[in-house]
Amino acid sequence: MTRQSAGPRAAGPFRAARKRGWARRGLRIGWAAGLAVTACGPAAGHLAAARPAAATPAAPFIYVAGTGRNEISQFGSSPSGSGALRPLTPKTVASGPGPYDVAVSPQGTSVYAVDVSPSSPAGEVSQYTINPATGKLTPKSPRTVPAAKGPSGIIAVAPDGKNAYVPDDTAKAISQYSISPATGKLTPMTPRTVADPGGPTGIRVAPDGRYAYITNAKLCIVPKGSKCASATNVRADTVSVFRISPGTGALSARPVETVATGQNPQMITIAPDGKSAYVTGTNDNTIWQYSINPATGRLTPMSPATVATGKGPHDLAITPDGKNLYVVTVANDTVSQYRINPRTGALSAKPASTAATVLHPVAIVLAPDGKNAYVTSGNDSVLSQFAISPATGKITPLSPATVTLPSGSLGLAITPATAKP
């Protein structure tokens, strides 16, 4: 028996990024260095100009997964207040093989990166401690904890920072972990995994921590040489809703609900008030939008159920005030702004603003104050950085529009505005 994709998901850039790394197509940015000297009188002699001390990057701190070199790049914000990034010293720390996604604990004290390289017999999660003053990462002991055999690469940390969850689209399960309140270390729960009948990929925990939402992309199991179109056991594109135990953080043994969604769903995000959810339909170029029942966690499609996007929407993020949503589209190399109706949660029918990104953007994260956005590229060793208008939500490139990375990048995460106890 062979496992095949029921759509072009496996051939798309998203799965290539997740399982094999991106081809490096080389927009390489460097700096020309020069030496400045001062002209001086004969009595004084000639002295080189003193080089001013570089300002130390400040919080918030950003961490970017670099698959090409198995490392995490670390940045701080420019002291100018523009939101432009500056690398920390050192610029990177080592990770496990093939880091894909990165998450920061709500307390702002720990970082977790999912390693998905096919050279590893099983997946794992690298874990780090954040220096609160400098933002620098230090590996915890142990450096890694095991995941299931084929993690999708995505990780979600509960809003209270007590648990973490990693979907596995090979094992069709969710790995679940407890987080030590003292050290931030991950410990696999009992049971270590909870079955998900689909092909779990993206995950998001509701702001109140009561439910987890997992996207499942269409898969089918057929004899070698057969076509998915003729299979009878195709698993449809869906979103699964799992209840989270308030005592242990464990997921319910089965989904409390499974609803249909767009073709090849990738990422999901939830509004800050917990009343709306949004899913990228990567193959049908849509965002699916749902209302959330706060009592049961169940999803109801809005009217309309979808809004159109550019080609290949992948990741999306919402401003802290809940007024705007931003989505990156891989085939168009863009990030687009959609306004959110404050009463219904529905998105505007068309983007309110759009800006160009680096080639094949993969992931987006917003600053905790909502004034900046940062977008990774799977193909190029650069990261796009943007300003967001507090008044209109319009997104525009910063100057410089990009910062250099050591290799192609995938997931990224940013420290929160305030630490949670």
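This is a predicted model: local features need pLDDT of at least 70, side-chain atom pairs count only at pLDDT 80 or more; totals for chains, interfaces and linings use all residues.

Biologist: Where is Q176 found?

Modeller: Q176 lies in strand β11, residues 173-179, where strands are DSSP runs of E with at least two residues, numbered from the N terminus.

Biologist: And is Q176 buried or exposed?

Modeller: Q176 is buried, with a relative accessible area of 1%; buried means under 20% relative accessible area, computed with a 1.4 Å probe on protein chains only.

Biologist: What does the side chain of Q176 reach?

Modeller: The side chain of Q176 reaches the backbone nitrogen of L251 at 2.9 Å. Leaving aside residues up to four places away in sequence, Q176 touches several others, including Y165, M189, R192 and L251, with contact meaning heavy atoms within 4.5 Å.

Biologist: Switching to β19, how many of its residues are buried?

Modeller: Six of the six residues in β19 (residues 276-281) are buried. S276, Y278 and T280 point one way from the strand, whereas A277, V279 and G281 point the other way.

Biologist: Which way does β18 run against β19?

Modeller: β18 (residues 265-270) and β19 run antiparallel and are joined by four bridges, and two strands count as paired if DSSP finds at least two bridges between them. T269 stands opposite Y278 in β19, and the two strands form a hairpin with five residues between them, where G274 in the turn has a positive phi of about 75°.

Biologist: How many bridges are there between β19 and β20?

Modeller: β19 and β20 (residues 286-292) pair in the antiparallel sense over six bridges, and W288 in β20 is the bridge partner of V279. These strands also form a hairpin, with four residues between them, and N285 in the turn has a positive phi of about 55°.

Biologist: Last topic, what is the strand order in the open sheet?

Modeller: The order of its four strands is β26-β27-β28-β29, with antiparallel pairing. The edge strands are β26 (361-366) and β29 (395-404), each of which pairs on one side only.

Biologist: What about β28 and β29?

Modeller: β28 (residues 382-388) and β29 pair in the antiparallel sense over six bridges, and V382 stands opposite T404 in β29.

How values were computed:
Residues are numbered from 1 along each chain as its sequence is written. Side-chain values use heavy atoms; hydrogens and water are left out. Buried means under 20% relative accessible area, exposed over 50%, partly exposed in between (1.4 Å probe, protein chains only). A polar contact is a pair of N or O atoms within 3.5 Å; within protein, one must be able to donate a hydrogen and the other to accept it, and residues adjacent in sequence count only if both atoms are side-chain atoms.
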